[in-house]
Amino acid sequence: WFGTGSGVSRYDGQTWITYTTKDGLASNVLTSVLQDQEGNLWFGTRHDNVSRYDGQTFTTFGSKDGLAHHGILSVLQDREGNYWFGTGSIGSLQSDGLSRYDGETFQTFTSKDGLAGNMVASIVQDRKGNLWFGTLDGGVSRYDGETFQTFATQDGLPNNFVRSVFEDQEGNLWFGGRGGVSRYDGQTTT
C-alpha cells in the first residue's frame, strides 16, 4: 500500500489498484498508512480526517466523531489495541493535539495535558510500552500511560521540530528533525 497525493495505491506483485475519494476515501492526499491488528487499513489524510478500510468499504472519522483535528500526520495502534492519531496542518501550523481512539470513543491530549506540542508528526511505542510522540512545535513526549515527559532543546535536542522517532535494536530512541538527528539512550540525549 502506498499513500500518495492522488489516493492510495495497492500493488499485489503484478497489478496496481488505486483508491480515491470516488471509492470512499476521505481525501486523495495521504500522510500516513497503518494496518491494524485486525487487518483493517487506516489512512491519515492531510486535511480531511482519517479513513478506515475493511477490505470492502471506507469509513471516515472526523471532528464530529471526536477526532482532535482534521489533518492527520501520524497513526499508530498500540499493543493494547488503542489507535493514536497525531494531528496537525503543516501549511498553517495548526493543530488541536493528539487523539486516542479505543474503538468506541476519542480522547484528546494537548499541551495542557503535558504533551510537548500540539502538532504530532510521529508516534512510536517502545519495547517497554511507552509511547513517544515527535512534535513539530515542542520536542518529544514520552507517555507512560499516565503522564507525559517532555524532551526538548534544553535536554539535548538540536531543535524542537521533531519529524520522526525510531527505536533501534538496542533500545535507543532516535529523533530526526530540524537541526539533525539525536539519540536518547535512556539516560542522555546526544
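Visitor: Let's start with charges. Which residue forms a salt bridge with K64?
Guide: That's D65, and the closest N and O atoms of the two are 3.0 Å apart. Bear in mind that this is a predicted model.

Visitor: Is K64 buried or exposed?
Guide: K64 counts as exposed, because its relative accessibility is 70% and the cut-off for exposed is over 50%.

Visitor: And what about D65?
Guide: D65 comes out as partly exposed, at 34% relative accessibility.

Visitor: How many salt bridges does the count come to?
Guide: The count comes to two. Besides the K64 and D65 pair, R127 forms a salt bridge with E167, with the closest N and O atoms 3.2 Å apart.

Visitor: Where in the chain do R127 and E167 sit?
Guide: R127 is in the loop between β12 (120-125) and β13 (131-135), while E167 belongs to strand β16 (residues 162-167). They are 40 residues apart, so the pair links distant parts of the chain.

Visitor: Why can side chains like that pair at all?
Guide: Opposite charges can do so when the charged atoms come close.

Visitor: You mentioned β12 and β13. What sheet has them in its order?
Guide: An open sheet of four strands, in the order β12-β13-β14-β15, with antiparallel pairing.

Visitor: Which are the edge strands?
Guide: β12 and β15 (148-151), as each of them pairs on one side only.

Visitor: How many bridges join β12 to β13?
Guide: Five, and the two strands run antiparallel.

Visitor: Switching topic: which residues form the nonpolar patch on the surface?
Guide: F2, Y11 and W16 form it, and together they have about 350 Å² of accessible area.

Visitor: Where is the place of F2?
Guide: F2 is in strand β1 (residues 2-4).

Visitor: And how does F2 count for accessibility?
Guide: F2 counts as partly exposed, at 44% relative accessibility.

Definitions and conventions:
Residues numbered from 1 in each chain as written. Predicted model: local features only at pLDDT ≥ 70, side-chain atom pairs only at ≥ 80, totals over all residues. Heavy atoms only, no water. Salt bridge = Lys/Arg side-chain N within 4 Å of Asp/Glu carboxyl O. Buried < 20%, exposed > 50% of the residue type's maximum accessible area, 1.4 Å probe, protein only. Pairing = 2+ DSSP bridges. Patch = residues over 30% accessible without salt bridge, like charges linked within 9 Å, V, L, I, M, F, W, Y side chains within 5 Å. Areas by Shrake-Rupley, 256 points an atom, 1.4 Å probe, with all protein chains shown as cover.
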